[in-house]
Amino acid sequence: MADEPVAEGPRELAEGVEIRPAREDEIDDLMPLMRAYCEFYESSPPDEGVIEMLRTLITDQSQGAVFIARDGERAVGVATLDWKWSSLKGARIGYLEDLFVDPDARGGGIADALIQICADRCRELGMPAMEWLTAPDNLRAQKVYKRTGAESGTYVEYDLEL
């Protein structure tokens, strides 16, 4: 996956693909994308938990948002966004929790368009920033993120299982 070509510089975003907030009745369409995203990161959460997360983010705007990319009837991309407080920004910010594009649909600007719609939502809410993370070896994603103007940080993430 990391060896797939990635376009450099600006380009048309997701030409012919619909990018918009997801609806609750689309959760079944989103689940294969979410499952593939989890598999990429070698995680296997229960479907019930992922469905509950999607439902909450779709129906409760105070918690976040879910965006879907559709190529005709087919869901080809998903982004989940939630809110968190940042003491370093002195404000609530957007946190891009998940971003995934079906491998067969990559290369057409869908990831860029999903990042853009997430950033637009954060701006609409008056948030000064949007943050996210990716695996150090996910070089394809890092190229996409740099192309959007995002800058990588220097922090090391920790995860305490409870």
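**Exercise 1. Determine which elements the buried residues of helix 2 pack against, and on which side of the helix these residues lie**.

*Solution.* Step 1: The buried residues of helix 2 pack against helix 1 (27-40), strand 2 (64-71) and strand 3 (74-86); contact means heavy atoms within 4.5 Å. Helices (H or I, at least four residues) and strands (E, at least two) are DSSP runs, numbered from the N terminus. The model is a predicted one, in which local features need pLDDT of at least 70 and side-chain atom pairs count only at pLDDT 80 or more, while totals for chains, interfaces and linings use all residues. Residues are numbered from 1 along each chain as its sequence is written, and side-chain values use heavy atoms, with hydrogens and water left out.

Step 1: The buried residues in helix 2 include V50, L54, L57 and I58. Buried means under 20% relative accessible area, exposed over 50%, and partly exposed in between (1.4 Å probe, protein chains only).

Step 2: These four residues cover an arc of only 100° around the axis, and therefore lie on the same side of helix 2; the arc is that of the directions from the helix axis to the C-beta atoms. On the other side of helix 2, E48 and E52 are exposed.

**Exercise 2. State how many aromatic pairs the structure contains, and classify the pair of F40 and Y41**.

*Solution.* Step 1: A search of the whole structure finds two aromatic pairs. Rings of Phe, Tyr and Trp (its six-membered ring) pair if their centres lie within 6.5 Å; planes under 30 degrees apart count as stacked, over 60 as edge-to-face and the rest as tilted.

Step 1: The ring centres of F40 and Y41 are 4.8 Å apart and the planes stand at 85°, so the pair is edge-to-face.

Step 2: F40 is partly exposed at 31% relative accessible area, and Y41 counts as partly exposed at 30%. Together with Y37, F40 and Y41 form one aromatic cluster.
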